[in-house]
Amino acid sequence: MYRVECKGLYLKRLLFLVVCSVIVSFFVRSYIHHEDGVYWWDFRGYQDLYNFYCPRMLYNWHVFRRFVKSLYRDDYGPLSLLPMNIGHILWGSGRFSFVYSIYIFWILPLACFFHKVINQYIAPEDKIKFVYTVLMVLCFSPLWGPVLRGYPDIGGCVPFTVALLLIYQTKFLTVASVRNCLLLGVMLWLMFALRRWYAFSIMAFMICSFGFALFEIRECESKNNYILLLKNYTISSLTLLFCVFVFQLRLFIKILRTSYVSSYEMYQLPLSEQILHVIYPKIGPVILVLLFSGLLISFVKKNKYILFCGCVAFLTIYLFSRVQSPSEQHMIPVYFLCLLICVYCIRVISSFFSGKVINLLFSLFIFYNILGCCYIFSERFHSNVVYGDYIFPSWTLFPIKLGNKAEYQSLISDLKTEMGREGTFTVFPANMSLNIDLLIGVDSALKEHAIFASEVDQRDFFRLNVLDANIAVVMVPISGKGCVPWTVNKFVSDEKKAFNGQQVAIIPNEAIVNGTGIGASYRQIGRGYAIVPGYVAFLYRRIKPANGKDVQWLLKEFIKRYPNWKIYSDKIGM
């Protein structure tokens with residue numbers, strides 16, 4: 001009888017997930033339908049990998065070998081695409097297939113694990129319905145934002161949730177078996193393997209877990225408990241390191257040798273500004289109130305599970321803030337933990353009322369998040385809501401559109417005509433209105449002619465091969481509010497700093513426009529292209545080859561800001 005009831009329950013849950021998936025498919029199709037189909041930089045990076053690996057990986061040994069090598073050494077590891085092969089078989093290539101596969105193979109499992117965490121450790125007395133817990137994940141905009149922008153980073157949150165279950169089950173490894181410790185190490189490595197920036201969450205997770213474990217055994221006077229605890233954490237840590245050394249050693253060495261604080265200097269902000277201008281807009285006032293109320297209640301009630309979530313979230317934010325300001329995809333585990341805390345807060349509040357109130361409160365919370373998604377992702381809905389920023393999260397993530405697509409197409413048409421079949425080109429501006437990857441997104445045939453210019457000073461330095469390009473695309477002016485650089489923040493206090501970190505793009509652009517320095521070797525061709533109101537792009541042809549004087553002039557300009565830069569065979573930098 002019990003087995004029959006379980007089968008019936010699982011069938012109902014499966015049917016519910018199918019219905020949710022159908023509704024989500026319409027949502028994803030509608031969102032993509034309102035886009036121009038032009039993506040660049042990270043918005044398209046993983047989709048290109050998806051279209052390359054998924055049709056070939058399962059039957060082409062050379063492609064699979066390249067997949068393994070990429071995991072071993074590349075910053076953008078392709079492991080998150082592995083389960084999405086099935087999605088490519090079912091729905092083919094394209095933006096919808098890519099985004100919907102992330103939902104099917106990562107968001108749905110995350111929602112199921114979320115239900116397990118809630119009912120076993122956050123609200124074990126109430127046993128919150130599967131429908132509510134799943135919908136809370138599916139309607140939570142901070143988790144959906146990165147997915148719609150083409151980031152599969154949410155995949156790392158699935159092993160993160162499994163690690164959370166293991167920690168709770170073993171009372172922070174104080175009563176863990178060797179098997180539990182090994183499994184925890186593997187889950188932590190999977191987080192890193194799926195996206196390297198999860199390293200901050202891993203560090204926060206292990207530090208907070210060890211601290212809570214010490215509290216668990218503080219009343220025990222036996223030294224054996226401390227020895228056992230150290231043994232368990234050593235096993236988990238060594239398992240994590242073993243997996244990294246076996247599968248990602250070259251990437252790990254690269255990370256140790258790279259100063260990310262220097263490389264991402266232009267993306268850094270004070271912690272207070274990051275919380276106020278980057279993190280708060282993603283959660284909004286209602287979630288913020290529930291979050292702090294939940295933490296306060298958990299402190300009074302001494303709920304170690306919720307306090308642990310809060311500690312991991314805040315420590316992750318602090319550690320990440322030392323390197324750069326986070327984009328929407330970097331704080332996925334933090335937002336996930338915030339959602340757990342909010343659920344706990346609602347459950348405690350509902351406990352003061354009758355049993356049906358908890359269902360009502362969760363329904364209202366889900367409805368609020370659905371309206372929040374409409375406010376964030378729909379430009380039409382957003383424009384019709386008065387004082388929406390005081391009710392919902394204030395960030396927006398409307399479908400990606402080019403403001404003046406016809407001008408981009410005219411620019412590309414003239415560029416191809418002037419360049420010819422064998423010519424090359426480069427684009428010096430590196431902002432959200434004009435960059436080389438954007439032009440390739442409009443016309444993929446340009447890729448074989450492209451010479452990629454440097455974009456960020458301390459990360460790319462200045463690549464000398466761009467001086468060999470036959471055609472240079474420039475913008476006038478190159479800086480200002482109309483052409484925001486590749487930063488995560490759009491408020492004025494950050495723009496000046498961001499542009500100061502893009503001298504490798506600004507100096508050659510201005511030299512070509514003004515005809516000074518290396519610009520003396522270029523001549524304007526054709527008309528200007530008004531791609532953004534107030535900003536015009538131009539094509540310039542190189543009329544004489546680059547020489548040593550050009551390189552020396554560039555060095556002289558760069559060392560005004562970076563005195564330690566030198567000339568190398570392929571770059572100017574450190």
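Is Arg-44 buried or exposed, and what is its relative accessible area? Arg-44 is buried, with a relative accessible area of 13%, where buried means under 20%, exposed over 50% and partly exposed in between, for a 1.4 Å probe and protein chains only.

The views below show a predicted model, in which local features need pLDDT of at least 70 and side-chain atom pairs count only at pLDDT 80 or more, while totals for chains, interfaces and linings use all residues. Residues are numbered from 1 along each chain as its sequence is written, and side-chain values use heavy atoms, with hydrogens and water left out.

**View 1. A salt bridge joins Asp-437 and Arg-44.** The closest N and O atoms of this pair are 2.9 Å apart, and a salt bridge is here a side-chain nitrogen of Lys or Arg within 4 Å of a carboxyl oxygen of Asp or Glu. Asp-437 lies in helix H20 (residues 436-442) and Arg-44 in helix H2 (residues 42-53), so the pair ties together parts that are 393 residues apart in sequence. Helices are DSSP runs of H or I with at least four residues, numbered from the N terminus. Asp-437 counts as buried at 12% relative accessibility. By the salt-bridge rule, the count comes to 15 salt bridges.

**View 2. Asp-75 meets the side chain of Arg-196 and that of Lys-254 in salt bridges.** The N to O distance is 3.8 Å for Arg-196 and Asp-75, and 2.9 Å for Lys-254 and Asp-75. Lys-254 lies in helix H12 (residues 249-257) and Asp-75 in the loop between H3 and H4, so this pair ties together parts that are 179 residues apart in sequence. Asp-75 is buried, with a relative accessible area of 18%, whereas Lys-254 is partly exposed, with a relative accessible area of 37%. Arg-196 is buried as well.

**View 3. Helix H9 (residues 178-194) packs with helix H11 (residues 223-247).** Two packed helices are described by the angle between their axes and the distance between the axes. For H9 and H11 the angle is about 40° and the axes are 8 Å apart; axes are lines fitted to C-alpha atoms, for helices over the stretch in contact, and angles run from 0 to 180 degrees between N-to-C directions. H9 and H11 are therefore oblique to each other, since angles under 35 degrees count as roughly parallel, over 145 as roughly antiparallel, 65 to 115 as roughly perpendicular and the rest as oblique. Residues making the contact, with heavy atoms within 4.5 Å, include Leu-182, Gly-185 and Trp-189 of H9 and Ile-235, Thr-239 and Phe-247 of H11.

**View 4. The axes of helix H8 (residues 157-169) and helix H16 (residues 332-350) come within 10 Å.** The two axes cross at roughly 50°, which makes H8 oblique to H16. The contact is made by Cys-157, Phe-160, Thr-161 and Leu-164 of H8, together with Ile-332, Pro-333, Phe-336, Leu-337 and Leu-340 of H16.

**View 5. Leu-49 is found in helix H2.** Leu-49 counts as partly exposed, at 22% relative accessibility. When residues up to four places away in sequence are not counted, Leu-49 touches Cys-54, Tyr-76 and Leu-81. Leu-49 and Leu-81 are 32 residues apart in sequence and 8.1 Å apart in space, C-alpha to C-alpha.

Terms used
Helix = DSSP H or I, 4+ residues; strand = E, 2+ residues; numbered from the N terminus.
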